[in-house]
Amino acid sequence: MKKILDWKHYTDTAVQAVAEGIVLLENHNQALPLNPNKEIAIFGRIQLHYYKSGTGSGGMVNVSHVVSIPEGLEQAGIKINQKLFHLYQEWDEQHPYDLGGGWSGEPWSQKEMPLEDSLVKEISESCETAVIIIGRTAGEEQDNKLEKGSYLLTDEEETMLALTRKYFKKIIILLNTGNLIDMHFVDIYKPDAVLYVWHGGMTGGTGTAKVLTGEISPSGKLPDTIAYEISDYPSDKNFGNQEKDIYQEDIYVGYRYFETFETAKKKVRYPFGYGLSYTSFAIQSGDWVIDESDNQIYIHIKITNTGNFAGKEVVQIYCKAPEGKLDKPARVLTAYQKTKLLNPGESETLTLPLIPPVSYDDQQATAYPYCNVLEAGIYEFYIGSDVRSAKAEAFIQIPETVPSPQKQQALAPVEKFARMTNQPDIYKDTPLLNHDEKTRILENLPEEFPHTEKKSVLADVLHEKITMQEFIAQFSDAELCQIVRGEGMGSPRVTPGTASAFGGVSDALESYGIPAGCCSDGPSGMRLDCGTKAFSLPIGTMLAATFNRDLITELFTDVGLEMSANHVDCLLGPGMNIHRHPLNGRNFEYFSEDPFLTGTIASAELAGLHQSGVTGTLKHFCGNNQETNRHFLNSVVSERALREIYLRSFEIAVKEGHAKSIMTTYGAINGIWTACNYDLCTEILRKEWGFTGFVMTDWWANLNQDRQAPDKKLFSAMVRAQNDVYMVCADCVTHEDNLLESLADGSLTRAELQRNASNICNFLLHTNAMKRLLGEEDEIAIINRPEEEISSSAPVAFYDADENFTLNLNHISAQKQTDYSFALNLKVPGWYEVTLTASSTEGELAQMAVTLFSMGTASGTFIWNGTDGKPVSFTKKIPLFSKYTAIRLHFAQNGLNMHSIQFRLISDQIDTADLAGE
């Protein structure tokens, strides 16, 4: 079948997502939309370096061009003060953008151009409006900090705001950030307009301009509560701990805390769900209706545009559950929907469900311990456009407590701690683990498939000639060990530069007709470390801020087609972790502080991917809410908080989004590393939720058993938990782990390995990888894609590299190309001295830079002056940590003739912190 990916539709949909995800927080004195007849002045160095996404694996998408905000505004017909713009360009050339050093090395912000009072005054005499752009980034291994240049403004930024406020009639502040930042500047400088424009991917500037000019009225809503102080967030006193993070706030995360306690309500600057428009809306509740097909109560809600601009509104329903045996937050989001575009005076009636939220009894307070319960009483439903302004509009009385099907205690803490209750300043001891985890595992061991001789291939299962059990029964012990190992990064078995191959990762497994499935980093687009260009998407937080599931499904249908065109089966996203604290460096990948919004937005992404025949990998399962010391951090959490907050989003994506693939985390939950957690991966995920897909570890994850110190060789504990694949191994045949040893001593059964193998093969059975193997793959035709965004179709060359390897580059000229990519099959990964040799006939004052990217990370920049045509060499120490390492040389200027690149091993010791995660 032939499928069409229209790049123009892809781009337009992404632009719409950017526009609908922008949140307008302040708008006074008719600051916005901009007057097209008046010139504006743009301040802020980041206007030249728009942040398309955060750092780390979640944002490493190669693009040919990122639309900046000034570019977007000029395309929209807005006049920009050229003198100021050129001054920024000149200063930027003299003060190059700081990429930092290696993995997670990029700084949170860039040095700002100092401003003189006289300059700002001069510019204000020809412009009445100043647009100030403030940028921040963060990401893997790099939490934000309560420091200037991170969560706080720098001195130069403060000066910029003070001077523009002093001289300009109107100032508009755009926050090009992936996370929330301190907003005291609103009180100090009284800006006329403030918007979170987030990180919008490669089309961010276009979408931002559409909002600023009024072509699209803002309709984004805050997916998080913005408090006045960082210390106002109840998780703040425990966040950032190096060894263990105690979740004392329990279920009171985000607005669940701020709307429950009277003292906390005063700490809110902008409430959850808040966002302004250029128009106004009236929301009116109507009749109820009972749908007999699902025995669900629905309410009709009429929304009318009462203003003068066309726009969209988001209707939000919150519930206040009755006080009973279990304490509860004052508000829980239970439904939301965005309207269509409403013209002035136009109305739309939406029909939304009234769903009373359940509470999990982890303390045997009700008659139904270890169940979700709907306690007896009156459930009040609040309807509005944000959590604070929503009004009580409906009431449902539950006459007696209703339990869910019986569960078992799972994931409970073993360490005593006191957790928050809904009574001010009252903390109570958290219920602890009361069952034997080893016994639970041993009582639920699977039955072994008796070994049979090899006579069938996986396609025979697809065509229903044999069962999966009969197919798996053929595998030898060695083959069962191989299939639970993923190969990577950059495996030559799959698309070059991707994160891993899984399934058919050995010649023996290939002989069974098992394809190699391909994983590529996400969630903000495909990471292809060989340099192949891909579409860079708006970040997760921005997508959540749209509150528009239909739009996200439409966008990710195109993402899926692009994945198919690149032979990628799993996008490593959506990111599903909760915004527990504003300083989490990876918040940009994740959606919200609310699990319902998180789960439903993720389900919308999956719906689009599934329409295109591919899938996403939910990550990180679960509780990955801090980057600091993430490989060794133990999150100490109550079972109730896990069930209602940190697992709930995953549960929605599994049950409603039909998730097929999940990734566990680097750290531990209550002492057990998630990759080896039977309660997590089997008891809850598979038995309770009915998940039938496969589970992978994060890359080079720690493993442990019996709450002992982690050991990456403990594959037996991973397999026993039913975490199916370890990501990643350099060689899936010879990898050193304890699998065969454990089979021999009986601490692992062959049946457990067969169970994992069945999960992996069941997943692969219905993938494009299987279709490719059978010659039945859909053809993807990409139309309307600009030439500059199309990568070379030439295959990436792999070179076998020993401890001292030199590659001839005489055929490479920086005058003819901007990038050159190749891949190494390293005999020994480790730290290398990398020597680049080049010559130039340019003048001696010329500066020509070559940046070396290893696995997509800028690992070093080599700078030449003119060399009078003679070869000159420069050397840098660079980590090459993966057996299959993609290398890309980026030539910033013309004028260099390359000669060679040499790699010389200086140490085979690689620390965990050097490894790029997912």
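Predicted model: local features only at pLDDT ≥ 70, side-chain atom pairs only at ≥ 80, totals over all residues.
**Entry on α19.** How many of the residues of α19 are buried? I get 6 of 8, so I noted the helix as mostly covered, with buried meaning under 20% relative accessible area. The buried ones I wrote down are Ser649, Phe650, Glu651, Ile652, Ala653 and Val654.

**Entry on α18 and α19.** Next I looked at how helix α18 (residues 639-646) packs on helix α19 (residues 648-655): the angle is about 50 degrees and the axes are 5 Å apart. That angle makes α18 oblique to α19. From α18, I see Leu642, Arg643, Glu644, Ile645 and Tyr646 in the contact, and from α19 they meet Arg648, Ser649 and Phe650. I sorted the residues of this contact into 4 nonpolar, 1 polar and 3 charged.

**Entry on the hairpin.** I then moved to β10 and β11, which form a hairpin with 4 residues between them. In the turn, I noted that Asn295 has a positive phi of about 55 degrees. Strand β10 (residues 281-291) pairs antiparallel with strand β11 (residues 296-305) over 9 bridges. Which residue in β11 stands opposite Ile283? I found Ile303 there.

**Entry on the five-stranded sheet.** I traced an open sheet of 5 strands in the order β34-β36-β41-β38-β39, and its pairing is mixed. β34 (798-801) and β39 (857-864) each have a single partner strand, so at these edges one side of each is left without a neighbour in the sheet. From one strand to the next, I get an average twist of 25 degrees. Inside the sheet, I checked β36 (residues 819-826) against β41 (residues 884-891): they run antiparallel and are joined by 7 bridges. For Ser821, I noted Arg888 in β41 as the bridge partner.

**Entry on the cores.** Last, I asked which residues touch the most other members of the largest nonpolar core. They are Phe43, Phe471 and Trp699, in a core of 218 residues. Apart from this core I found another, of 28 residues, including Leu807, Leu809, Phe862 and Met898. I also see that Phe862 of this core falls within edge strand β39 (857-864).

How values were computed: Residues numbered from 1 in each chain as written. Heavy atoms only, no water. Pairing = 2+ DSSP bridges. Helix = DSSP H or I, 4+ residues; strand = E, 2+ residues; numbered from the N terminus. Axes fitted to C-alpha atoms, helices over the stretch in contact; angles between N-to-C directions. Parallel < 35°, antiparallel > 145°, perpendicular 65-115°, else oblique. Contact = heavy atoms within 4.5 Å. Nonpolar A, V, L, I, M, F, W, Y, C, P; charged D, E, K, R; others polar. Core = buried A, V, L, I, M, F, W, Y, C linked by side-chain atoms within 4.5 Å. Buried < 20%, exposed > 50% of the residue type's maximum accessible area, 1.4 Å probe, protein only.
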